Number of protein chains: 2
Amino acid sequence: MQQTDGRFSDFHALIPAGGVGSRLWPLSRGARPKFLYDFLGSGRTMIQATFDRLAAFAGNGHVAVMTGAAHAAAVAAQLPELDGRNLFVEPVGRDSTAAIALATAILARRHGCDVVVGSFAADHVIRDEETFRECVAQAVAAARAGYVATIGIAATRPSTAFGYIRQGRALGGEVPDAPDARMVRAFVEKPDSATAQAYLMTGEYRWNAGMFVMRADVLLDTLARLRPRIHETVTAIAAIWDDDADHRAAMMERLWPGVEKIAFDYAVAEPLAAEGGVAVVPGGFGWDDIGDFNSVAALVPSADRYNNKIIGDPGRVVCLDSAGNVVAPAGGAGRTIALLGADDLVVVDTPDALLVAPRARSQEVKRMVAALAARGYDAIL
Amino acid sequence: MQQTDGRFSDFHALIPAGGVGSRLWPLSRGARPKFLYDFLGSGRTMIQATFDRLAAFAGNGHVAVMTGAAHAAAVAAQLPELDGRNLFVEPVGRDSTAAIALATAILARRHGCDVVVGSFAADHVIRDEETFRECVAQAVAAARAGYVATIGIAATRPSTAFGYIRQGRALGGEVPDAPDARMVRAFVEKPDSATAQAYLMTGEYRWNAGMFVMRADVLLDTLARLRPRIHETVTAIAAIWDDDADHRAAMMERLWPGVEKIAFDYAVAEPLAAEGGVAVVPGGFGWDDIGDFNSVAALVPSADRYNNKIIGDPGRVVCLDSAGNVVAPAGGAGRTIALLGADDLVVVDTPDALLVAPRARSQEVKRMVAALAARGYDAIL
């Protein structure tokens, strides 16, 4: 996977691997978040698939991961191809702005201020990798021209689970290597159902998959204007990052907990879009977010003609008069799940916890995790 | 529990403990049938509770158990008060007629032909034991007078899960110690829903709980007329039962597998009722059959105000927006079951098998067991 594409020579991919994914409990746990799990039975975990996809065109040495101290060892074990210097570890999570900013500042010091950094979540599924690569190439071109570039996913349904990007005029001839890019008029938050329907009708809205590609100096200058405290801290840390591990650790321990927690969309993308600084490349490569068991189910082929989806060994599940269920037999070897007359349920079996819920309540699994925490079931969270 | 009641001095109770109870899978297994399980969390298993109830008036020494070779050790372990000589073991199950007939023939040889034998299933729940005792006393009196006496349970709903007893005229002054006894006009099989409703309206029908009380000579003479082959075999075996364990085992191995398999209702109760030989004592003592998870649920108090029933440790079950479920957390220590937005389900968790089904399908769990057997899942059956 070292065949780099000339269009990406100045490009570095960043995978921020944070967030527990509590809507995927009990498969996803605090100690083993969803990006470490192979939900689709592909043989590769979410973060491995993400690494493979990016390394295929950026090159192994041009992929970095930012993750929490609790998961650094697991990430390193799952990604032996990842250069150890490109595994950036946070002692505590400070949301996406700080994570992307610090990684960008480190890469800028190593490779120059005009390096292009692209940030891609560790838990997305992309079907057509060739089309994805072409979209990233256009985003990189727009980034070189000074834009913060994002990729706007073609909305295939009026989803209320995603934020949206409202696109504006085409960039036109301004960036020849980004012929499909358009200006972003605004980023909007997850809509209600009627609003999502209206968005879909206009044809102006695309899903925001949180993919951002930008020149390091563009991001750092923007931060210096809009979030000077974050800029100051990440610059100070990046300056000593590669000097000495003890020094770095001491700096992180001292400065990181005080960094503002704010999402990249709020801190950078939205205000910069209002200034005309954000471009969007339309992405039609078959994308999905592994957000909850319903979305996992959409990506797993049916195990039978009754549309039952098995996340794991189908030999461990026996369905009788049962249709449309999502079943994860992860309770251990030899353990069998028998469904009789059960329809449209999520049944997730793990060695210490079992979840049963209707598929329609998939988004609310997060509430169950909160309820378990409130009742003292921390050992299984 | 040795305080015997004078009215029962010639009475011996028999508990035929057979049948897997596959509608209660995966709690009930071939190797550990339902009568060995404490479904109600009372601290006593079904067979222990049955033994206690009968020994309380018959005396420990007047209670016998007939069970299969596979379960003899478990029965003996659960019933240390049971006289070892009263544990009758079949190498293979030959249905209730043979089991009751053999036990009766053995007891007749030991205690005389006019001993009264009462057979009571190992998996029934009886709420008012005092009333139960009074009913058995009347049945014993009717048995002494030459009837095969049964106890007809007051039907509280139009159940399709039980057979019915159609009662006839009162015995009147014929048996002074059985003032409530009536003649049985007929035994009828499990009805459909409309028929069950019609039965309930007439007031003539009672549930058949398979309780039979009779003088040994009455049963053996009836069998000699109606099922001479069964009579011949059990008489021959009973004649040597107490002689020598090896001789007994050899006889059982040789003769028992050839004995006709037929239910007591068909072989004895129905034809004898047609001849006017069966009496019924009305029983209003709060009876239930632990037939399926729905019937277990009816007997377990709710764990919360949403009518969720927990068979086991309530601390292992967390319900959120969930009502009317029957949950058995028997999957092992530390294992938690989380129900989110789930209503009216049966969730039975054991170390090697998990069942999920709507409560309304409880009777069909038997079909699931058959399906698992057909697919080769014998290890969990």
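Hi everyone, let me start with one pair: A:Arg361 makes a salt bridge with B:Asp321, and their closest N and O atoms sit 2.6 Å apart. By salt bridge I mean a side-chain nitrogen of Lys or Arg within 4 Å of a carboxyl oxygen of Asp or Glu. Across the interface of chain A and chain B, the rule finds six salt bridges.

A word on conventions. This is a predicted model, where local features need pLDDT of at least 70, side-chain atom pairs count only at pLDDT 80 or more, and totals for chains, interfaces and linings use all residues. Residues are numbered from 1 along each chain as its sequence is written, chains are lettered from A and ligands numbered from 1 in the order in which they are written, and side-chain values use heavy atoms, with hydrogens and water left out.

Now the interface as a whole. Chain A brings 39 residues to the contact and chain B brings 39 residues, contact being heavy atoms within 4.5 Å. Between them the two chains bury about 3000 Å², with 60% of it on carbon and sulfur atoms; buried area is the accessible area (1.4 Å probe) that two parts lose on being put together, summed over both. On chain A's side, A:Arg335, A:Leu340 and A:Leu354 supply 22% of the area buried against chain B, more than any other three residues.

Finally, the strands, which are DSSP runs of at least two residues, numbered from the N terminus. E17(A) pairs with strand E15 (residues 336–340) of chain B in the parallel sense over four bridges; pairing requires that DSSP finds at least two bridges. There, A:Leu355 stands opposite B:Ala338 in E15(B). Thanks, everyone!
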